[in-house]
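The following exercises concern one structure, shown below. Each task is followed by a worked solution.

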Amino acid sequence: INAEYGLITLTFAQNCGAPFGSGGGQYGQLGLGCEFNEFPVGTAPYRTDSNCSRTIYNRPTANGFNTHCIKQVSAGIGFTIWLTTEGRLYSAGKNDYGQIALPSSNLGVSIPTEIDTSPIYNLPGHPTIDFIATGDYWGFAITTTGLLYSWGRNDLGQNGNQGSGPIYAPTLAFSLVTGNISVAGVDGGNDHSILWTTE
């Protein structure tokens with residue numbers, strides 16, 4: 001479970017990593033398939049991808065999301081990233097800084113949508129995503145080979161890439177390319193990020 005302050009979004013894992021959520025959903029970050037804020041804090045969690053039916057048992061097909069077990073989930077301000085047990089990434093919520101890693105033409109989604117990680121999988125050894133984290137408006141993914149990818153807001157360099165504009169797709173963190181560093185973990189805060197390595 002990971003929940004960011006600000007807009008209250010909680011995501012829970014249960015059984016086979018089935019995702020649930022409660023709290024503010026005004027940007028679609030709960031992955032319910034609609035944008036609203038009808039679930040006050042303290043209500044029972046609702047099943048992600050329940051298509052606004054207000055029942056935790058209805059699981060319509062949502063971009064293939066409902067066919068996967070969830071390994072990990074991380075929530076930023078107004079968005080959520082899910083990692084499946086197969087190493088696939090899904091996202092929902094706002095995309096004004098690229099925080100859900102979809103093209104800039106996509107302002108946001110309310111149904112969990114798969115993030116294109118094929119450039120990562122096509123690397124030598126076919127690494128998959130093993131760990132995720134978020135900051136306020138950016139995301140991270142660490143591969144099984146210890147590579148760190150990031151996307152989203154980067155005006156202060158908080159996602160570890162050069163430049164100051166938003167990044168709309170998982171991109172290898174520039175500062176680690178030349179150092180051949182294996183990343184073990186990462187986390188994001190308000191305007192900064194922290195990582196640790198295996199060395």
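**Exercise 1. Locate I129, classify its burial and list its contacts.**

Solution. Step 1: I129 is found in strand β8, where strands (E, at least two residues) are DSSP runs numbered from the N terminus. Step 2: I129 has a relative accessible area of 5% and is therefore buried; buried means under 20% relative accessible area, exposed over 50%, and partly exposed in between, with a 1.4 Å probe and protein chains only. Step 3: contact means heavy atoms within 4.5 Å. With neighbours within four places in sequence left aside, I129 is in contact with L83, G87, L89, T117, I120, A141, I142 and T143. Step 4: the C-alpha atoms of I129 and L147, which are 18 residues apart along the chain, are separated by 9.2 Å.

Conventions for all exercises: the model is predicted, local features need pLDDT of at least 70, side-chain atom pairs count only at pLDDT 80 or more, and totals for chains, interfaces and linings use all residues. Residues are numbered from 1 along each chain as its sequence is written, and side-chain values use heavy atoms, with hydrogens and water left out.

**Exercise 2. Describe the largest nonpolar core and the elements that give residues to it.**

Solution. Step 1: a nonpolar core is a set of buried Ala, Val, Leu, Ile, Met, Phe, Trp, Tyr and Cys residues joined through side-chain atoms within 4.5 Å. Step 2: the largest such core has 22 residues, and those with the most contacts inside it are I81, W82, L89, I129, I132, A141 and W151. Step 3: two or more residues come from each of β4, β5 (79-84), β6 (89-94), β8 and β10 (148-152). Step 4: β5 gives the most to this core, with four residues. Step 5: another core, of 10 residues, lies apart from it and includes Y137, F140, A173 and V183. Step 6: for I81, the contacts beyond four places in sequence are Q72, V73, S74, L89, Y90, S91, Q99, I100, I115, I132, T134 and W151.

**Exercise 3. Give the strand order of the open sheet and identify its edge strands.**

Solution. Step 1: two strands pair if DSSP finds at least two bridges between them. Step 2: the open sheet has four strands in the order β4-β5-β6-β7, with antiparallel pairing. Step 3: β4 and β7 (108-114) are the edge strands, each pairing on one side only. Step 4: the twist averages 10° from one strand to the next; axes are lines fitted to C-alpha atoms, and angles run from 0 to 180 degrees between N-to-C directions. Step 5: β4 and β5 run antiparallel and are joined by six bridges. Within this pair, Q72 stands opposite L83 in β5.

**Exercise 4. How many salt bridges are there, and which residues does K71 link?**

Solution. Step 1: a salt bridge is a side-chain nitrogen of Lys or Arg within 4 Å of a carboxyl oxygen of Asp or Glu. Step 2: by this rule there are four salt bridges. Step 3: one of them joins K71 to D130, with the closest N and O atoms 2.7 Å apart. This pair links distant parts of the chain, as K71 is in strand β4 (residues 70-76) and D130 in strand β8 (residues 129-134), 59 residues apart. Step 4: K71 is partly exposed at 45% relative accessibility, and D130 is partly exposed with a relative accessible area of 36%. Step 5: K94 forms a salt bridge with D96 at 3.6 Å between the closest N and O atoms; D96 is partly exposed at 36% relative accessibility. Step 6: D155 forms a salt bridge with R153, with the closest N and O atoms 3.0 Å apart; D155 is partly exposed, with a relative accessible area of 36%.
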